[in-house]
Amino acid sequence: MGIVLSNIIAIYRRELQSYFVSPLAYAIAGVFWFIAGLFLVMILLGPDGILPAVALIDSQGKQFGVPVPPIDVPYEFIRAFLDRMGWLLLFILPILSMGLYAEERKRGTLELLATSPVTNWAVAVGKLLGVVTFFITLILPLMVFEAIAISSSNPPIPPTIPLLGHLGLILLASAILSLGMFISSLTDSTLLSAVFTFAVVILLLFIDLIARNIGGPIGEIVGHFSLLKHYNTLIQGIFDSSALVLFSSYIFLGIFLTAQSIDALRFQRQ
């Protein structure tokens with residue numbers, strides 16, 4: 001067990017270091033922060049933003065003497081921002097995951113991994129932990145800005161709501177990256193890996209719409225596999241154990257399929 005853990009840590013450190021010396025990773029970070037920053041500003045202060053809308057409703061209420069129901073601005077801001085972030089992941093994460101194994105295939109180092117004493121599971125877990133850690137470093141500055149934006153709210157927003165929302169964001173990203181890692185292990189083309197990962201994620205996000213058209217018990221079962229449905233539950237501040245189980249299942253499935261893919265390559269080489 002100790003040897004496996006040390007192998008995972010070694011792969012994890014190698015993978016994480018590769019992101020901080022990669023120009024592509026810095027380009028992805030720059031684009032991600034720019035778009036996420038635009039979302040944050042537009043949700044708060046844009047023409048259709050929360051603060052102008054609340055100010056308009058308040059002024060109309062005073063003008064016509066109509067009582068205005070209270071609006072939970074921090075909650076609406078966190079929910080709307082994390083909703084936009086979930087859609088942003090759809091485009092960013094396939095680019096992050098496309099080179100996890102495809103680049104190894106292209107450089108010829110995947111054969112070395114496949115024939116090395118390091119287990120396939122250790123390689124897959126280490127690589128996934130590396131890319132998920134890099135993703136977490138991308139969202140940490142955004143969490144600081146969110147905290148500043150809601151710091152003056154009165155009454156303050158319960159901390160469980162943003163914590164659950166960001167946990168959902170990390171779990172959603174981990175599930176997508178895990179599946180993208182498996183797809184990356186099947187090809188030496190990073191472009192094909194990104195395209196197929198995007199297609200799979202689109203299917204898993206919109207499978208809830210397919211389930212509604214199916215209807216009945218079968219539709220209800222199919223709809224349970226929707227990433228978007230369970231992500232929306234968490235960003236609303238609702239703790240749902242089934243959402244945690246579903247995301248964990250997708251993460252495990254991606255690691256398992258990746259390990260089997262590399263094991264097949266190991267068998268071919270033998």
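Is S174 buried or exposed? In this predicted model, S174 has a relative accessible area of 8% and is therefore buried, since buried means under 20%.

## The surroundings of S174

S174 lies in helix 8, which spans residues 160-184. Apart from its neighbours within four places in sequence, the residues in contact with S174 are L128, V132 and I251.

## Helix 7 against helix 8

Two packed helices are described by the angle between their axes and the distance between the axes. For helix 7 (residues 120-150) and helix 8, the axes come within 10 Å and cross at roughly 145°, and the crossing is right-handed.

On the helix 7 side the residues that meet helix 8 include L128, V132, F135 and I139, while the helix 8 side includes L169, A173, S174 and L177. Sorted by class, this contact has 13 nonpolar, three polar and two charged residues.

## Aromatic pairs

The count of aromatic pairs comes to eight. In one of them, the rings of W121 and F252 have centres 5.8 Å apart and planes at 40°, so the pair is tilted. This pair links distant parts of the chain, with W121 in helix 7 and F252 in helix 12 (residues 241-269), 131 residues apart. W121 is partly exposed, at a relative accessible area of 35%, whereas F252 counts as exposed at 51%.

W121 also forms a tilted pair with F256, at 6.1 Å centre to centre and with 55° between the planes; F256, in helix 12, is 135 residues apart from W121 and counts as partly exposed at 33% relative accessibility. Elsewhere, Y19, F20 and F134 form one aromatic cluster.

Notes
Residues numbered from 1 in each chain as written. Predicted model: local features only at pLDDT ≥ 70, side-chain atom pairs only at ≥ 80, totals over all residues. Heavy atoms only, no water. Helix = DSSP H or I, 4+ residues; strand = E, 2+ residues; numbered from the N terminus. Buried < 20%, exposed > 50% of the residue type's maximum accessible area, 1.4 Å probe, protein only. Contact = heavy atoms within 4.5 Å. Axes fitted to C-alpha atoms, helices over the stretch in contact; angles between N-to-C directions. Left-handed = near helix turned anticlockwise from the far one by under 90°. Nonpolar A, V, L, I, M, F, W, Y, C, P; charged D, E, K, R; others polar. Phe/Tyr/Trp six-rings, centres within 6.5 Å; stacked < 30°, edge-to-face > 60°.
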